[in-house]
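Keep the viewer open while you read, and check each point as you go.

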Amino acid sequence: MSNKFQMTLAAELDSLSRFRGLIKSACKGDRGVDEAACYDLQLAADEACTNIITHGYAGMNPGSIMLTLEMLPERVIMTLTDFGYAFEPYEPPAPDAVAAMEERPTSGFGLYLIYQTMDEIDYVTTLDSNQLTLIKKLEPIGSTSTG
Amino acid sequence: MELKVREQDTVTVISVSGSIDALTASELTDFADAQIEAGHNKLVIDLSQVEFMSSAGLRSFLGTMKNCRKDGGDMLLAAAQPGVEKVLKLSGFTEIIKMYPSLEDAAEIF
């Protein structure tokens, strides 16, 4: 059973569901990825891809996004590579939903969700590409997930 | 994403199926806005068939809830699955949006 998965798609919102589909497929089987961890991976990838599509490629012809997954016994390593503008996912403060309700400025929800669901986040930008690495540690089978 | 609407006593129930992401959220927002414009400002969003929701869903709910409350109504959420519920909790939305475990529980509130 291969433990590596890869998919390259156009950087457009139509691609979001296909990336999530790849992650769901990769989580299936005896890989120790429970439903909660699989959801977290889909959520983090979805939020990161949305940022790349709406900010990284803003004002230029949309390029592509390459998603790779490496399924290891104790963790999943997910990388997203794009060729647009660098958009470093800094860690935002907790969003204030009450402020958002009152139309006061608040920080982004998407980045916050990435930081809340992933265990390690790394961002490397080179002359021609940007690579975001997201690591999700897996709970030992049979334990209660809190992440 | 699939959207269905039905009246239940004085409440309008919008049932969502599939995924709410950056592509589909605006469709949900427009659908809910049309209900409010038609005078239905007591909305229950049935999330029992929503398998995935990103932060795009939060923004949609925020706008719809504001519009409902502006007219003296409200928007409640019902039957969120664990992943969707986690997104709502992590982002603090459970402080501003009323959530109920089942559609019946939510519909009784109005």
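1. Let's begin with confidence. Chain B has a mean pLDDT of 94, and 100% of its residues reach 70 or more; pLDDT is the predictor's confidence in each residue, from 0 to 100. The model as a whole scores ipTM 0.94 and pTM 0.93. This is a predicted model, in which local features need pLDDT of at least 70 and side-chain atom pairs count only at pLDDT 80 or more, while totals for chains, interfaces and linings use all residues. On naming, residues are numbered from 1 along each chain as its sequence is written, and chains are lettered from A and ligands numbered from 1 in the order in which they are written.

2. Now the layout of chain A. You'll find four helices and five strands in chain A, and from the N terminus on they run β-α-α-β-β-α-α-β-β. Chain A has a radius of gyration of 16 Å, close to the 15 Å that the globule rule gives for 147 residues, so it is as compact as a globular protein of that length.

3. How much of chain A is buried? Of its 147 residues, 35% count as buried. A residue is buried if 20 or more other C-beta atoms lie within 10 Å of its own, exposed if 12 or fewer, and partly exposed in between, with C-beta atoms placed from the backbone. As for the box that the C-alpha atoms of chain A fill, it is roughly 45 × 40 × 25 Å along the principal axes. Among contacts in chain A between residues at least 6 apart in sequence, 67% join residues at least 24 apart; a contact means C-beta atoms, placed from the backbone, within 7 Å.

4. Next, pairing in chain A. Strands β3 (residues 75–82) and β5 (residues 130–137) of chain A run antiparallel and are joined by eight bridges; two strands pair if DSSP finds at least two bridges between them. A:Ile77 has A:Ile135 as its bridge partner in β5(A). Strand β4 (residues 120–125) of chain A also runs antiparallel to β5(A), with six bridges, and β4(A) and β5(A) form a hairpin with four residues between them.

5. Take a look at A:Asn130, in strand β5 of chain A. In β5(A), A:Asn130 is the bridge partner of A:Thr125. A:Asn130 is partly exposed, with 19 other C-beta atoms within 10 Å. Leaving out residues up to four places away in sequence, A:Asn130 touches A:Gly56, A:Thr81, A:Asp82, A:Ala86 and A:Thr125. Its C-alpha atom is 7.5 Å from that of A:Gly84, which is 46 residues apart from A:Asn130 along the chain.

6. A:Arg18, in helix α1 (residues 16–27) of chain A, is exposed, with 12 other C-beta atoms within 10 Å. In α4(A), seven of the nine residues are buried, so this helix is largely enclosed by the rest of the structure. Those buried residues pack against α2 and β4 of chain A together with α2 and α3 of chain B.

7. On to the interface: 24 residues of chain A are in contact with 18 residues of chain B. Which helix gives the largest share of the side of chain A that touches chain B? That is α2(A), with seven residues. By class, this side of chain A has 14 nonpolar, five polar and five charged residues. Here Ala, Val, Leu, Ile, Met, Phe, Trp, Tyr, Cys and Pro count as nonpolar, Asp, Glu, Lys and Arg as charged, and the others, Gly among them, as polar.

8. Last, chain B has an open sheet of five strands in the order β1-β2-β3-β4-β5, with mixed pairing. At the edges stand β1 (2–8) and β5 (98–100) of chain B, each with a single partner strand, so one side of each is left without a neighbour in the sheet. Strands β2 (residues 11–20) and β3 (residues 42–53) of chain B run parallel, joined by eight bridges, and B:Val13 stands opposite B:Val44 in β3(B).

Technical notes: Helices (H or I, at least four residues) and strands (E, at least two) are DSSP runs, numbered from the N terminus. The radius of gyration is taken over C-alpha atoms; the globule rule is 2.2 Å times the number of residues to the power 0.38. Two residues are in contact if their C-beta atoms, placed from the backbone, lie within 7 Å.
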